[in-house]
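The following exercises are to be worked with the sequence and the coordinates at hand. Each task is followed by its solution in steps.

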Amino acid sequence: MIRQWRFGLLGLGLAVALGLGGLMINRAIAQTPQEHYLAANADTVHWGYFSQSLEPKLTINSGDIVTVETLTHHANDDASLMVMGDPGAESVFAWTPEGKGVDRRGAGSTDPEVYTTGAGEGAGVHVLTGPIYINGAEPGDVLEVKILDVAPRPSGNPEYQGRTFGSNAAAWWGFHYNDMIEDPKPREVITIYELDATEAEDYATALYNFRWTPQTDPFGVVHETIDYPGVPVDPATIDKNYEVLEGVKVPIRPHFGLIGLAPREADFVDSVPPSYFGGNIDNWRIGEGATMYYPIAVEGALLSLGDPHAAQGDSELAGTAIETSLTGKIQVTVHKQSDLAGTILEDLYYPLLENDEEYVVHGFSYANYLEELGDTAQKDIFGQSSIDKAMRDAFHKMRHFLMTTQGMGEDEAISLMSVATDFGVTQIVDGNWGVHGVIKKAVLPGV
């Protein structure tokens with residue numbers, strides 16, 4: 001069932017032994033891990049970008065535990081359910097003719113004489129909480145983010161006390177958009193879901209849907225399509241259809257679509273395409289019980305979290321998941337470069353997921369699009385992606401993982417990938433498309 005907060009003592013001693021691929025690393029912790037809380041509000045989020053120049057909102061030590069609030073950038077699809085009465089969300093989504101609580105798309109211009117759709121016209125869309133600076137984190141090290149728990153953020157509106165809602169947008173960037181069979185074609189449709197916790201298995205049900213109609217934002221700009229994050233939907237301009245997905249129950253698996261570090265290649269980096277630093281991977285497996293490992297590119301790592309989801313299928317076909325606000329509890333650990341040999345983190349140059357049963361590598365159309373596509377990478381990536389490229393990158397990374405961490409030869413690794421590794425489409429909507437490769441731990445020796 002959907003949990004209310006149930007975080008307990010972790011029983012951490014001064015020495016912690018981590019089982020990384022069956023190879024034990026003894027990590028001495030200089031002091032008892034501290035617990036921190038990072039709320040989401042206008043002072044603690046950045047909208048739509050990563051940057052190595054951002055001032056940290058929290059500084060922690062390796063091994064510390066952080067409770068992090070995250071907000072969905074789709075909350076204004078129905079502000080009465082997902083913004084009203086929630087002080088943190090209200091501060092972030094505040095938008096009047098006089099200004100915004102937080103400028104969207106920080107990777108773009110904020111000059112009102114330049115922009116046409118809203119201040120900060122870079123392509124990033126996600127509300128990111130952070131960044132978090134980790135003491136001792138240096139380029140070449142690996143950051144471990146262990147997800148201890150994930151819980152939904154209840155509506156702040158007293159009319160909906162104890163209930164949680166999310167939004168799914170079948171939008172112009174979805175894979176389906178130019179391949180529809182019913183009129184009108186094309187169209188964008190938003191479905192509002194309610195997360196339910198009354199049965200033994202958590203699920204979401206569709207509350208209503210509506211077709212996007214031109215929305216005029218508080219600055220007077222008309223949005224014919226969903227072209228700018230956080231545009232408040234005026235309920236008087238839409239027709240709500242409550243007869244939608246009747247009898248359908250969607251199992252929820254709360255997870256973070258985006259956990260990432262600041263990259264080194266550019267000062268402002270669009271939050272949409274994922275890459276070696278993590279970011280918008282959109283893998284539903286990155287939830288409670290998962291541990292993510294990321295190569296560190298800048299001092300302090302500068303960790304941010306966002307794009308929280310209640311449920312998503314592999315591919316995220318229509319453009320989004322059930323986008324909902326979540327609060328997670330994570331433990332953050334730095335693994336020094338000098339200690340990585342002989343572990344699953346040796347020579348790690350890509351995001352790696354570990355859970356009790358599996359290792360998961362993440363391939364993209366471009367392993368490092370910022371480097372590979374040059375000065376215009378953040379524009380060109382959206383026209384350069386393909387599943388073929390992402391599959392080849394996932395193959396390269398799984399081959400590297402098996403040869404480097406398991407001591408296999410190339411022929412052995414290729415055979416094992418063909419007979420025991422599951423490759424799947426992570427997402428085909430984030431500019432830099434993704435394919436993941438899953439290998440069961442039970443297959444590998446000594447695990």
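Accessible areas come from the Shrake-Rupley method with a 1.4 Å probe, and for residues only the protein chains shown count as cover. The model is predicted: local features need pLDDT of at least 70, side-chain atom pairs count only at pLDDT 80 or more, and totals for chains, interfaces and linings use all residues. Residues are numbered from 1 along each chain as its sequence is written, and side-chain values use heavy atoms, with hydrogens and water left out.

**Exercise 1.** State the accessible surface of the chain and the percentage of its residues that count as buried.

*Solution.* The accessible surface is about 18,200 Å², and carbon and sulfur atoms contribute 50% of that area. Buried means under 20% relative accessible area. By this criterion, 57% of the 447 residues are buried.

**Exercise 2.** Which strands form the edges of the open sheet of nine strands?

*Solution.* Strands (E, at least two residues) and helices (H or I, at least four) are DSSP runs, numbered from the N terminus. Two strands pair if DSSP finds at least two bridges between them. The sheet has mixed pairing and the order β3-β7-β24-β11-β21-β25-β26-β28-β27. Its edge strands are β3 (35–38) and β27 (421–427), each of which pairs on one side only.

**Exercise 3.** Describe how α5 and α6 cross, and name residues that make the contact.

*Solution.* Axes are lines fitted to C-alpha atoms, for helices over the stretch in contact, and angles run from 0 to 180 degrees between N-to-C directions. The axes of α5 and α6 come within 9 Å and cross at roughly 120°. Angles under 35 degrees count as roughly parallel, over 145 as roughly antiparallel, 65 to 115 as roughly perpendicular and the rest as oblique; α5 and α6 are therefore oblique to each other. Contact means heavy atoms within 4.5 Å. The residues in contact include Phe395 and Leu402 of α5, and Ala413 and Met417 of α6.

**Exercise 4.** Is strand β13 mostly covered or mostly uncovered, and which strands pair with it?

*Solution.* Strand β13 (residues 189–196) is mostly covered, with eight of its eight residues buried. Val189, Thr191, Tyr193 and Leu195 lie on one side, and Ile190, Ile192, Glu194 and Asp196 on the other. Strand β12 (residues 164–170) runs antiparallel to β13 and is joined to it by seven bridges; here alanine 169 stands opposite isoleucine 190. Eight bridges join β13 to β14 (residues 203–211), also in the antiparallel sense, and glutamate 194 has threonine 205 of β14 as its bridge partner.

Methods
Buried means under 20% relative accessible area, exposed over 50%, partly exposed in between (1.4 Å probe, protein chains only).
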